[in-house]
Amino acid sequence: QITSLVRRAALTQNDNHFNYEKAHNFKVHTFRGPHWCEYCANFMWGLIAQGVRCSDCGLNVHKQCSKYVPNDCQPDLKRIKRVYCCDLTTLVKAHNTQRPMVVDSCIREIEARGLKSEGLYRVSGFTEHIEDVKMAFDRDGDKADISASIYPDINIIAGALKLYFRDLPIPVITYDTYSKFIEAAKISNPDERLEAIHEVLMLLPAAHYETLRYLMIHLKKVTLHEKDNFMNAENLGIVFGPTLMRPPEDSTLATLNDMRYQKLIVQILIENEDVLF
């Protein structure tokens, strides 16, 4: 049976899916005073631009050595200046969480008081209030107060969550996997399509996979209240398709051509979250 096959594959993959590897974010750096490479332990020669420094964790190495440094960057919170617009893996490693805390906080709030809200995720909140929530997360991190006493309109919290996904430098469904997801969506046989989507899911970086998994479980809960909120998996696919995936090359034509497949991917992920993740 396809479902048990997919589920078994997913379970074996998930065992090691929290190995959150992250490449270093090296930038050319001019060091004041003598400096040694933290990879080969040799002296860095020259007066300017002697080597590179990782702007996420502060590792200092020769430019040549940077090619051999393993993907073991452990970002330092002091260097991460904001929550929004920050690379997803960088953020979760800096906070030592499985998912971005913005996602956890917003979903917790929405599930506590917004699941029956008509047009949830489709109705927009006030832009300036959404910006306030963004600034609160950037300033206070997981201490940000997004409770009903400050933001009674749940659409503001839903808007802040969508904005977080839109602001990611690499979307939740990464540029690397984008075309593979679109190709999978074009398969007409439903079982084969599900298998293909599952295979591509396994190519996502661990933090992206876990964020997507958590979001789909939440969106499935949203659809269970469809008679109150009027949001089914297809409606949510229309909202979240372009929010979670963008074509690597910024072409309007590609985006327009792919929109129905983006919608379909998210719709399938919601409807089959128990099988796919």
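This note goes through the predicted model point by point, from the whole chain down to single residues.

1. Basis of the model. The structure is a predicted model, in which local features need pLDDT of at least 70 and side-chain atom pairs count only at pLDDT 80 or more, while totals for chains, interfaces and linings use all residues. Residues are numbered from 1 along each chain as its sequence is written, and side-chain values use heavy atoms, with hydrogens and water left out.

2. The chain as a whole. The protein chain has 12 helices and 3 strands, where helices (H or I, at least four residues) and strands (E, at least two) are DSSP runs numbered from the N terminus. Its C-alpha trace spans about 70 × 50 × 40 Å along the principal axes. Of the 277 residues, 50% are buried; here buried means under 20% relative accessible area, exposed over 50%, and partly exposed in between, with a 1.4 Å probe and protein chains only. The chain exposes about 14000 Å², of which carbon and sulfur atoms supply 52%, the areas coming from the Shrake-Rupley method with a 1.4 Å probe, and for residues only the protein chains shown count as cover. Among contacts (heavy atoms within 4.5 Å) between residues at least 6 apart in sequence, 69% join residues at least 24 apart.

3. Annotated spans. UniProt, in an unreviewed entry, places "domain: Phorbol-ester/DAG-type" at residues 23-73, and it lists residues 86-277, also in an unreviewed entry, for "domain: Rho-GAP". The positions are given in the numbering used here, feature names are shortened, and such annotations may be inferred rather than shown by experiment. In the model, residues 23-73 are 0% helix and 20% strand, with end C-alpha atoms 6 Å apart, whereas residues 86-277 are 68% helix and 0% strand, with end C-alpha atoms 25 Å apart.

4. Glutamine 50. This residue lies in the loop between strand E1 (26-29) and strand E2 (51-54), and it counts as buried because its relative accessibility is 11%. The side chain of glutamine 50 reaches the backbone nitrogen of phenylalanine 31 at 2.8 Å. That pair can be read against the definition of a polar contact, namely a pair of N or O atoms within 3.5 Å in which, within protein, one must be able to donate a hydrogen and the other to accept it, and residues adjacent in sequence count only if both atoms are side-chain atoms. Leaving aside neighbours within four places in sequence, glutamine 50 is in contact with His29, Thr30, Phe31, Met44 and Trp45.

5. Helix H5 against helix H10. The axes of H5 (residues 154-167) and H10 (residues 233-244) come within 8 Å and cross at roughly 35 degrees; axes are lines fitted to C-alpha atoms, for helices over the stretch in contact, and angles run from 0 to 180 degrees between N-to-C directions. Lys162, Phe165 and Arg166 of H5 make the contact with Val239, Phe240, Thr243 and Leu244 of H10. By class, the contact has 4 nonpolar, 1 polar and 2 charged residues, with Ala, Val, Leu, Ile, Met, Phe, Trp, Tyr, Cys and Pro counted as nonpolar, Asp, Glu, Lys and Arg as charged, and the others, Gly among them, as polar.

6. Phenylalanine 137. Placed in helix H4 (residues 127-140), phenylalanine 137 counts as buried because its relative accessibility is 1%. Not counting residues up to four places away in sequence, it touches Val83, Tyr84, Met101, Val102, Ser105, Cys106, Ala144 and Ile146. Valine 83 is 54 residues away along the chain, yet the two C-alpha atoms are separated by 6.4 Å.

7. Glutamate 109. This residue of helix H3 (residues 101-113) counts as buried at 17% relative accessibility. Beyond its neighbours within four places in sequence, glutamate 109 is in contact with Gly114, Ile146, Ser147, Ala148, Ile154 and Ile157.

8. Backbone angles to check. Cysteine 85, in the loop between strand E3 (60-61) and helix H2 (88-95), has phi near 65 degrees, a positive value in a residue other than glycine, and is partly exposed at 26% relative accessible area. Tyrosine 121, in the loop between H3 and H4, has a positive phi of about 75 degrees although it is not a glycine, and is buried at 0%.

9. Asparagine 96. In the loop between H2 and H3, asparagine 96 is exposed, with a relative accessible area of 70%.
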